Every structure is written in C-alpha cells, then in structure tokens.
Amino acid sequence: MPDETPRARSAEPARERAEGVVGRIEGAVERAEDVVERAEEAAARAAERVPTPAWLRFVERVMGRVVYFALVAAVLAVVIAGVQRLIADDRVRLVVGIAMVVLLGAGGMFLRGASELTRPPLNEKIRAAGYFCGALAYVATATVALMNGLPHLVDR
C-alpha cells in the first residue's frame, strides 16, 4: 500500500462529499427542467381553453381589409381626379364623373344582390365586395363633386 499522506487521506472524504453535492445539484437541475416543461405544457393547455374575444377576432379580420380598401379608394380618387382634369369641357367632365359614380354604385348593388343567390362561404365575400363598391361610389361622388363644384365656388 502506498504511503498516504495526511493531506491525501483528508482529500478523499472531501472529494466524495463534492461528488455527492454535484450529484444532488444535477438532480435538482433535472427536476427544475421537468417543472419548467410541465409549466409550459400547462400554460399551453390554459391558452387553448381561453377563447379570444369576438371583438378582437373581428378587429384582426377587418383591419387588413380596411387598409386595402383605403388604398383602393385613394387610387380611385386619384384616377377620377386625373380623368376629370384631362377633360376640358365642363359638361363632358360632369357626365363622365356621373357615369363613374353610377357604374360603381350599380356594381355594388349588383354584387350585393348576387350574394343573395350564392351559398355561405362565397356570399359573404361577394356581399363585402358589393359594400366596398358602394363605398367607392361615395368616394367617386365626393371626388367628382370637388372637381366640378369647387372651381365654380372659388371663381365667384
């Protein structure tokens, strides 16, 4: 047996104690990971049970469409204003503007009527397109009125 120094003899129990502490720490880390995993699963299950409020679902669904409609309305107003500026004769300009408004309004009414003849998944989209067309008719009406009426008010 090799000669053990007092230091070597006292280091052995300290090493065993350190290995025991390391083992307990590793076990605690494993248990903590299990607890975190179970908590994440419980949170996911709880999130599935909590329904999203109807108003929030509505806002999420409508916001994209509102932005799209605003862009289409802005482009339509610019197009109508451009067409109105290209026409020199006041009477022709007014007739073209009225025709644009009537076509948009009639198109919206047609789409809303056609939505009544279709089945549920499609009829909602057609009806929505009809309402958008009607709203674009209002944009066109305002644009035509401003382009044709405003210069006459300013001239006076």
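1. The protein has four helices and zero strands, giving the pattern α-α-α-α along the sequence. The model is a predicted one. Of its 156 residues, 17% count as buried.

2. Helix 3 covers residues 90–115, that is 26 residues. From the first C-alpha to the last, helix 3 reaches 38 Å, close to the 38 Å expected at 1.5 Å a residue. The buried residues in helix 3 are R93, G97, M100, V101, L104, G108 and S115. On the spacing of such positions, an α-helix has 3.6 residues a turn, so residues three or four places apart point the same way.

3. A search of the whole structure finds one salt bridge. The partners are the side chains of E116 and R127, at 3.6 Å from N to O. This pair links distant parts of the chain, eleven residues apart: E116 lies in the loop between helix 3 and helix 4 (120–155), and R127 lies in helix 4.

4. R127, with a relative accessible area of 24%, is partly exposed.

5. R57, R61, R65 and K125 form a positive surface patch. Helix 2 (residues 54–86) gives the most to the patch, with three residues. R57 has its place in helix 2. At 43% relative accessibility, R57 counts as partly exposed, because that class lies between the 20% and 50% cut-offs.

Methods:
Residues numbered from 1 in each chain as written. Predicted model: local features only at pLDDT ≥ 70, side-chain atom pairs only at ≥ 80, totals over all residues. Heavy atoms only, no water. Patch = residues over 30% accessible without salt bridge, like charges linked within 9 Å, V, L, I, M, F, W, Y side chains within 5 Å. Areas by Shrake-Rupley, 256 points an atom, 1.4 Å probe, with all protein chains shown as cover. Salt bridge = Lys/Arg side-chain N within 4 Å of Asp/Glu carboxyl O. Lys, Arg positive; Asp, Glu negative; His and termini not counted. Charge placed at Lys NZ, Arg CZ, Asp CG, Glu CD. Helix = DSSP H or I, 4+ residues; strand = E, 2+ residues; numbered from the N terminus. Buried < 20%, exposed > 50% of the residue type's maximum accessible area, 1.4 Å probe, protein only. Expected span 1.5 Å × (residues − 1).
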